[in-house]
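Welcome! Please open the structure in your viewer, and we will walk through it one selection at a time.

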Amino acid sequence: MYEISIQNVTKRYDDQLALDNVSLRIEEGEIFGLLGPNGAGKTTLIHLLCGLIGMDSGDILIGGRSMKKSPEKLKALIGYVPQEIVLFDTLTVKDNLEYFGRLYHLSGTRLKEKIQSALAITGLKDHHKQKVKKMSGGMKRRLNIACAILHDPKILVLDEPTVGVDPQSRNHILEAIREMNRTQKMTVLYTSHYMEEAEALCDRLMILDLGKELVQGTKTEIIRTVTNESVVEILTDYLPTGITEAFQEVPGVKKASVRDGKIHLIVDSSDPIVEKAVRLLDGLEVKVRNLSVDNPTLETVFLSITGKALRD
């Protein structure tokens, strides 16, 4: 069994508290999403899980074994895909895979087999002779993943693996993760700045902010934390100064902002907010061009509990 148990983990960098008593459990064979705005502590938690840095207090157990007591044995179970592209630009795809494979003590026929398997999973078989410096960003991201899975890890940790990639590569990456999870029962810890990816891919999620756990559970469980909230978007002929402040004073409005040229409101679902909104805008001599009301989504929850969009 290779379940992950993160127990009351705290990490400081000098006087900055990066993680504050964080706990979570990831079941074997689960795809678990870690969400949070920049500076939330996601990468720090990943580095701790991978044994790259030490924790100040708490512990991380994999299959019941402590990362503090058995770091080398546990790190061998993990494939880590960092945010950065960690490849040799002047080498070919195959040369990079051979290099990283040898770091995992692979050689001979077994190394060749693992390279072919990694190329197939990431859709790079036809590019094995290509030099990295001539590859697109999306293909480099896919090769990053290929290098991390050569040793058949039980746990795959991916830190924003689709940042800046083209749609085709993004689809390749997401499908590769699903395939490895489905066929190899690989446990996956996934972070992303794309909410739609997390919703589609992950079985359960945790939202972190400022080093603290805000909420965790399935998508449905997390959305239920704000089931009394809806999103209202209003397109008007113009946006007068102070419009968000004016809406913030309206009873039933929890948050008001302007996004993509529209008035964006998070409101109490039980309140007749549409009538109030129209009345307020009429009083300001602002014409409503379009108005929509949406039920809570994971994005709604995230914005509500962090006060930020995921990509902030």
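The tour below goes from the whole chain to a helix, a pocket and a sheet.

**Before you click.** This is a predicted model, in which local features need pLDDT of at least 70 and side-chain atom pairs count only at pLDDT 80 or more, while totals for chains, interfaces and linings use all residues. Residues are numbered from 1 along each chain as its sequence is written, and side-chain values use heavy atoms, with hydrogens and water left out.

**Whole chain.** Show the C-alpha trace: along its principal axes, it spans about 75 × 45 × 35 Å. In cartoon view, look for 11 helices and 14 strands (DSSP runs of H or I with at least four residues, and of E with at least two, numbered from the N terminus). Of the 312 residues, 47% are buried (under 20% relative accessible area with a 1.4 Å probe, protein chains only).

**Helix H3.** Next, select residues 93-103, which form H3. Its buried residues are Val93, Asn96, Leu97, Phe100 and Gly101. Seen down the axis of H3, these fall within an arc of 130 degrees, so they line one face of the helix (the arc is that of the directions from the helix axis to the C-beta atoms). Then click on His105, which follows H3 and has a positive phi, near 65 degrees.

**The largest pocket.** Which residues are closest to the centre of the largest pocket? Select Lys75, Ile78, Tyr80, Tyr104 and His151, out of 19 lining residues. H3 and H5 each supply at least two residues of the lining, as do helix H2 (71-75) and strand E6 (78-81).

**The four-stranded sheet.** Move on to an open sheet of 4 strands, in the order E12-E13-E11-E14, with antiparallel pairing (two strands pair if DSSP finds at least two bridges between them). Strands E12 (253-259) and E14 (288-294) stand at the edges with a single partner strand each, so one side of each has no neighbour in the sheet. For a look inside, select E11 (229-236) and E13 (262-268), which pair over 6 bridges. Ser230 has Val267 in E13 as its bridge partner.

Definitions and conventions:
Buried means under 20% relative accessible area, exposed over 50%, partly exposed in between (1.4 Å probe, protein chains only). On a 1 Å grid over the protein atoms alone, a cavity is a set of points where a 1.4 Å probe fits but cannot get out, and a pocket is an open set with protein on both sides within 12 Å along at least five of seven lines; lining residues have an atom within 4 Å of a point.
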